[in-house]
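Me: Hi! I'm new to this one and would like a quick tour. Can I paste it here and ask as we go?

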Amino acid sequence: SYHVVDSSDIAFQLAGILALQKAVQEAKPVLLEPIMNVEVSVPQEFVGDVMGTINAKRGRVLEMTAYGGNQIVKALVPLAEMSNYATELRSLTSGRRTFSMVFSHYEEAPPKIVKTVVEQAKLEKENKENKKLHALFLLCPGTSCQSPNYKNRVDALNSEIPGLRPE
């Protein structure tokens, strides 16, 4: 309920932030990664190599079928592992075959991948904070921020780095 003395815009914003943080923690979120349906058409002599590369990419071979003189290998592979697969396949088969991939579904990422993603996010957050601190130091290198252009410089910096609020 609203009360003139105890209620303010910032109080409601903080209450919302705290409630959302608590809800996310209690929900026990997981990191999901996109999984792709991959189909590779290769000559028989390259099937073993293709299956090896799919397994190395955390993929799961679903089936193999003969089609003409080729084998069609169907698999599920995480999208993150497919970034340079076209080049790998081309060099593996001497440019003789290609592949196709279509989104299939999301799966929970393995703990090793989650750890890497979380560490990367922390580093990016630290770098962003360091940039803000460095920018503040450049704005006000001494102990006092009393220069007449200070407010203009802070406003310009805030437009470049959202969330920057000097003390």
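Me: What share of the contacts in the chain with a separation of 6 or more is between residues 24 or more positions apart?
Reply: That share is 64%, where contact means heavy atoms within 4.5 Å. Do keep in mind that this is a predicted model, with local features needing pLDDT of at least 70, side-chain atom pairs counting only at pLDDT 80 or more, and totals for chains, interfaces and linings using all residues. Residues are numbered from 1 along each chain as its sequence is written, and side-chain values use heavy atoms, leaving out hydrogens and water.

Me: Thanks! How many helices and strands are there?
Reply: The chain has 5 helices and 4 strands, in the order α-β-α-β-β-α-β-α-α along the sequence. Both are DSSP runs numbered from the N terminus: helices are H or I with at least four residues, strands E with at least two.

Me: And how much of the chain is buried?
Reply: Of its 167 residues, 23% count as buried. Buried means under 20% relative accessible area, exposed over 50%, and partly exposed in between, using a 1.4 Å probe and protein chains only.

Me: Switching to helices: at what angle do the axes of α2 and α3 cross?
Reply: They cross at roughly 155° and come within 11 Å, with α2 covering residues 47-56. The axes are lines fitted to C-alpha atoms over the stretch in contact, with angles from 0 to 180 degrees between N-to-C directions. The two helices are therefore roughly antiparallel, the label for angles over 145 degrees.

Me: Which residues make that contact?
Reply: From α2 you have Asp-49, Val-50, Thr-53 and Ile-54, and from α3 Tyr-85, Glu-88, Leu-89 and Leu-92.

Me: Nice. How many aromatic pairs are there?
Reply: The count is 2 aromatic pairs; rings of Phe, Tyr and Trp (its six-membered ring) pair if their centres lie within 6.5 Å, with planes under 30 degrees apart stacked, over 60 edge-to-face and the rest tilted. Tyr-85 and Phe-99 have ring centres 5.0 Å apart and planes at 80°, so they are edge-to-face. This pair links distant parts of the chain, with Tyr-85 in helix α3 (residues 85-92) and Phe-99 in strand β4 (residues 99-108), 14 residues apart.

Me: Is Tyr-85 buried or exposed?
Reply: Tyr-85 is buried, at 1% relative accessible area, while Phe-99 is partly exposed at 22%.

Me: Last one: where does Thr-65 lie?
Reply: Thr-65 lies in strand β2, residues 60-67, and is partly exposed at 31%. Leaving aside residues up to four places away in sequence, Thr-65 touches Asn-70, Gln-71 and Ile-72.

Methods. Parallel < 35°, antiparallel > 145°, perpendicular 65-115°, else oblique.
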